[in-house]
Amino acid sequence: MTMSGEKSKNKKEITSYSDWMSQLPTELHSVPLYMLAIPGSHDSMSYDLDVNSSIVEPDNLKKFSRICCVRKMIRRWAMTQNEPIIQQLDAGVRYFDLRIARKPRDSNSTRLYFHHGLYTHSDVETVLLMINDWAERHPTEVIILALSNFKGFEKKNKTHLHNHLISSIKAIFGAKLVPRKGVPSLKSCWDQKHNVMVSYDYPANQHIEIWGKIAYYYGNTMDPNKVQSQLRLNLEKRGKPRGFIVCGLNLTLPADSRIFFYILRMCDNFANVVHRSLPRLLRWVKEQAVKTPMNIVASDIVTRDQFVPIVVNLNISKQA
């Protein structure tokens, strides 16, 4: 009875998710970041998709780029997030899945955008500057930016575009960048005033400020039960944690003609599908976290269904 009372007394409540990392129990400040449960957003910039842009993917729909209703249909099913990135940060999200692209006929040879089915309105540099401003105002919150899926990086300009993007990242975030050495914890990041980690899915070993690709496990299906089964298998095969991983709760549309089964539903959209499935997936997360350690947990529509509080409080429940 006394032990239970002491644990309850020591259990720390999170009062504001905009600064939740600083509110974690002191004993978690020195554990590796890859041992913490961290909320992440899948296709983080998809709220900003430009319906007037050409179609980036899937390949079998590119030929319909000039048809407005097709672009609108793609946007309805490619919007995996419905809140701007700053609102996601304020809500407590700390991992961001950023898909990078260059528009083929852009007059600016190094200007880059985000993509998911369509290109975004916002360019990469503008968004990174916004994130940097937020990080400046929240020095205790460690943000992980995962850059990947580089579209339009053709053979002739690939090296130039990667070098330009990495140089921009280093110029924007500067001393905030977590260097690729040792095993970072909240305390080590706070002590050294680092709070932005960049994972880059392209070789960049010569840049100590840039981390390699973080493994992203996901179900590759629209069936929540199959997502759970695949993630459970991956987590159990992983064994003892030795580095960062992402457990992606995201549902995935088929890449072949089966996609039409979903996108031709005129009275439905991706956000509604997620709303129907996410509560079930989050119940599974709470159950699975007791059996296998969770690190980054990424989802669609991250500001709904108590996603952030459920993931963050996995850290607190470890101490109970």
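1. Asp59 is exposed, with a relative accessible area of 57%; exposed means over 50%, buried under 20%, and partly exposed in between (1.4 Å probe, protein chains only). Asp59 pairs with Lys62 in a salt bridge whose closest N and O atoms are 3.2 Å apart. The term salt bridge stands for a side-chain nitrogen of Lys or Arg within 4 Å of a carboxyl oxygen of Asp or Glu. Lys62 has 38% relative accessibility and so counts as partly exposed.

2. A note on the model and its numbering. The model is predicted, with local features needing pLDDT of at least 70 and side-chain atom pairs counting only at pLDDT 80 or more, while totals for chains, interfaces and linings use all residues. Residues are numbered from 1 along each chain as its sequence is written, and side-chain values use heavy atoms, with hydrogens and water left out.

3. Side chains of opposite charge can pair when their charged atoms come close. The whole structure holds 13 salt bridges. One of them joins the side chains of Glu57 and Lys151 at 3.9 Å, N to O. This pair links distant parts of the chain, 94 residues apart: Glu57 is in the loop between strand S1 (38–41) and H2, and Lys151 is in strand S5. Helices (H or I, at least four residues) and strands (E, at least two) are DSSP runs, numbered from the N terminus. Glu57 is partly exposed at 22% relative accessibility, and Lys151 is partly exposed at 28%.

4. Asp191 and Lys187 also form a salt bridge, with closest N and O atoms 2.8 Å apart. Both residues lie in helix H6 (residues 186–192), four residues apart, which is about one turn of the helix. Lys187 counts as partly exposed because its relative accessibility is 41%.

5. Is Asp43 buried or exposed? Asp43 is buried, as its relative accessible area is 3%. It sits in the loop between S1 and H2. A network of salt bridges links Asp43, Asp97 and Arg99. Leaving aside residues up to four places away in sequence, Asp43 touches Thr80, Gln81, Asp97, Arg99, His115 and His116; contact means heavy atoms within 4.5 Å.

6. The largest pocket has a volume of about 1,100 Å³. On a 1 Å grid over the protein atoms alone, a pocket is an open set of points where a 1.4 Å probe fits, with protein on both sides within 12 Å along at least five of seven lines, and lining residues have an atom within 4 Å of a point. Of the 40 lining residues, His42, Arg99, His116, Tyr218 and Thr252 lie nearest the centre of this pocket. Strand S5 (143–151) is among the elements that supply at least two lining residues, and S5 gives the largest share, four residues.

7. The second largest pocket contains about 410 Å³ of space. Its lining has 17 residues, and Ser54, Ile55, Pro104, Arg105 and Tyr119 are the closest to its centre.

8. Which residues touch the most other members of the largest nonpolar core? Among its 99 residues, they are Ile100, Leu145, Leu147, Ile169 and Leu249. A nonpolar core is a set of buried Ala, Val, Leu, Ile, Met, Phe, Trp, Tyr and Cys residues joined through side-chain atoms within 4.5 Å.

Key:
Points joined across faces, edges and corners; volume = space filled by probe spheres on them.
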